[in-house]
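User: I would like to go through this model and ask what each label rests on.

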Amino acid sequence: MFRPKLPAMPQPTGLVTPPVVVEPTAATPVVPTPVLSRPAVRLTPGTALALVGGGTAVVLVVGAVLVSMLLAVALTAASVAVCAVVVRSLLSRR
């Protein structure tokens, strides 16, 4: 019941062709294509300032999201603790 049943390997039917012999051929050398040189990226003061400003904005937004998530977890934990104290006091009066 708990042992897997392996299927039987079927035998080939019909005509079996012999394997084809592949004879090696002479390899032709491949000439690498030259890589086109790209111009270097130049940062002007305006683009550098935009990159710094954008990075700062991303860090501030991600930080605000993480802090708000931490605050939500802390508030939830506090409310669960208050509920536990109330339920415990109600059950201890019986």
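User: How many helices and strands are there in the chain?

Analyst: The chain has 1 helix and 0 strands. Helices (H or I, at least four residues) and strands (E, at least two) are DSSP runs, numbered from the N terminus. This is a predicted model, in which local features need pLDDT of at least 70, side-chain atom pairs count only at pLDDT 80 or more, and totals for chains, interfaces and linings use all residues. Residues are numbered from 1 along each chain as its sequence is written, and side-chain values use heavy atoms, with hydrogens and water left out.

User: Why is Gly54 called partly exposed?

Analyst: Gly54, in helix α1, has 32% relative accessibility and therefore counts as partly exposed. Buried means under 20% relative accessible area, exposed over 50%, and partly exposed in between (1.4 Å probe, protein chains only). Of the 94 residues of the chain, 0% count as buried.

User: How far apart are the C-alpha atoms of Gly54 and Ala77?

Analyst: These C-alpha atoms are separated by 35 Å, with the two residues 23 apart along the chain.
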